[in-house]
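Please work through the following exercises with the sequence and the 3D structure open beside you.

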Amino acid sequence: MLSVLFMGAGQLYNGQIVKGIIFMLAEVFYIIHLIPYTVKSVRGLITLGDTPQKMVGGRIIQGDHSIFLMVFGIISIMVFFIFAAIYIINVKDAVNVGRRRDKGYDAAAFMDSVRNLSEKGFPYLLLTPATVFILFLTVVPLIFGVMIAFTNYSSPNHLPPRSLVDWVGFRNFINLFKISSLGKTFTGVAVWTLAWAVLATLTTFLAGLIFAVIINSNGVRLKKFWRSIFILPWAMPGFISILIMRNMFNAQFGPINKYLGAIGIPPVPWLADPMWARATCLLVNLWLGFPYYMAMMSGVLTGIPQDLYEAASIEGAGAVQKFRHITLPMVLFATAPLVINGFAYNFNNFTLIYMLTNGNPTNNEYFYAGHTDILLSWLYKLTLEQSQYHMAAVVSIIVFVFIASISTINYLNTKSFREEDMVQ
Amino acid sequence: MKAPDAINISSAAAVGTDACTGGKASACIIVQANAGANDRIITEHPGTIAARTGEQPDIPGSQPLPAYKKRKANIRGMIVRFFIYILLAATAISCVYPIIWIIFSSLTPGNSLFSTKLIPDRLTLEHYKELFIEKDFGLWYMNTLKIAVLTMLFSLVLVIITAYALSQFRFRGRRFYLVTMLVLQAFPSFMTMIAVYLLLLQLNLLDSHLGLVLVYAGGAIPGGALLVKGYFDGIPRSIPEAAKIDGASSSKIFARIMMPMSIPILAFVALSNFIAPWMDFILARLVLRSASKKTLAIGLYEMVAEKTSTEFAMFAAGAVMVAVPITILFVVLQRFMIHGLSEGASKL
């Protein structure tokens, strides 16, 4: 139809004048303002700039800034897609109205279309603000991050505006495994990250379970008192507790070593020795994390029907058996998604590591990383401290694929998502 | 006798954690009641006691225990109970100790970590005073408060409308949108940091609180919207549909039915977005450059991380002043937190 040639033409032909003019204006605007810009920035995206910054007679002549070119390239491609979507809607609309006219109906008046749009398009309208946010604050940065992984954007030789950045293909990915210091760091840090995430989740989960069972069992008095005290570590702002802990475990002046000294135990290098530092991280995490699971499981425990326990006692089951065959399965069933989320959270628990040890003690064999660094804190150091953006991007792609697949599987397995469309 | 009561209570408690206190209190009463009949053996649930004391003689197999066995069980129970209380007390001390330690450190004269004692010779408020005179503590506090309130409002609005659209409407691309949000939610913010920095630079929002609020709110959308959407899904569709038949408009249904029914989850989302800016350090450090824009987290971190523990007492004073309101807020609204988390997770 006509609309394929020029947006809005079809609507005009159908007699929908206002709509036609709006579509036409949109296209004119895009052609005049945005096409030259799009072409320029896409070219920039491909070449990443060809004129480096020069010094001429002591004055700096600005060259191309590769990274800006890249960001604008991505944005203009997105704008192009939005325009293409509008274009397709425009053609479809003209075709639809045309068909209706062939069948003898009148083309809808402009106000009718508006009403129709506001009814059918209502959910889209509601989603627009969130979509804009997500596009610009997450999707664009994300695409940008993925692209960085295929460039040599890093200090000292490829840092704009002084010099240009180039595409390098898969070289960074190959280097991650080929260059021995990098590969060693990556595997070392990745193994510790996994071990940390598993142990941190397991210890907090078990401690939470034990205390929930104890507090909820009948022999224990002052339930409310214990519960409110145990909830305190969770209620405290996390970074403050971590900073307090960092000082408490201070090997020279910290109170813990002072007390140990008082009863004759030599000072423990809590944060200085690699193994001790890792253990301290786990210990602090246990302190911070168990109240969360305890609170969660208390809710589950009170929900277990008492007749199950009665039936079990009648059958002659002891406390241990009842715990193993009733309490544990019920709790596991109810908290499994939370545990998996907890694992993902610990995997990315940058705050704890960074604030407690800052990744130290340093490991000389590692590439800008220490013994307690997890992947995420290593990433932080690579980007913000060492400007090794290209390697950081490669590592974060790997982290992302890992975490995203875990949480997606977790979510898809929840009952509500699978049954979602059946219920409605 | 006792056993049916227990079932009722447990099912009442299962309704939600806010029923917990009630459920707990009644459970305690049962313990007391049983305690009279039987010398409080450590068992897991009232049902066991009821069965052992032979309160249900009609059930075969539950005979009263011989006396010697009872005594043995008593001694064992006492030992177990003793260890349980030791464990509880030890844990309680380790939970409270860091808090007490930091409070006393903030009141002890002398500024270094070395001069702290658990029980100081003399108490002083000088560190609190220094905090306001030597540092811009008041300014940091106001900055953080402002950012926190704005982030809360902003993200709450965005989360609600997004969740509402995803929950109440069926439209093309909905499932794709859901899965995208889910994947994005799991994304570590580091990878986006450089690009976000450049974007804010271009929009002239670098080193401004508005820029930081936008970044926080944007980050809160995917996770929060999924959580609230799950909650909205749990509201039976017959309720808004009935209102629709009665002639209520979409906006009226939204304001009069959906909102009031979702207060727990909305409180949870609001609270977690209010607290997040108090804790965040990385993004704040990336976006805010000038000293006058600093938030509490940056200010406090710099006190202990950059200078080697010489400003420790001042940090302690600052930590107390941040932790007290947040902790109180948390404890007061705790039931919303727990409720929101477990509800949201089970309905995700």
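**Exercise 1.** At roughly what angle do the axes of helix α4 (residues 66-102) of chain A and helix α6 (residues 122-148) of chain A cross?

*Solution.* This is a predicted model, in which local features need pLDDT of at least 70 and side-chain atom pairs count only at pLDDT 80 or more, while totals for chains, interfaces and linings use all residues. Residues are numbered from 1 along each chain as its sequence is written, chains are lettered from A and ligands numbered from 1 in the order in which they are written, and side-chain values use heavy atoms, with hydrogens and water left out.

The two axes come within 10 Å and cross at roughly 125°. That angle makes α4(A) oblique to α6(A), since oblique covers what is left after under 35 degrees (roughly parallel), over 145 (roughly antiparallel) and 65 to 115 (roughly perpendicular). Residues in the contact (heavy atoms within 4.5 Å) include A:I67 and A:M70 of α4(A), and A:F144 and A:M147 of α6(A).

**Exercise 2.** Determine how many disulfides the model holds, and explain the case of A:C281.

*Solution.* A disulfide is a pair of cysteine sulfur atoms within 2.5 Å, and by this rule the count over all chains is 0.

Note on methods
Axes are lines fitted to C-alpha atoms, for helices over the stretch in contact, and angles run from 0 to 180 degrees between N-to-C directions. Helices (H or I, at least four residues) and strands (E, at least two) are DSSP runs, numbered from the N terminus.
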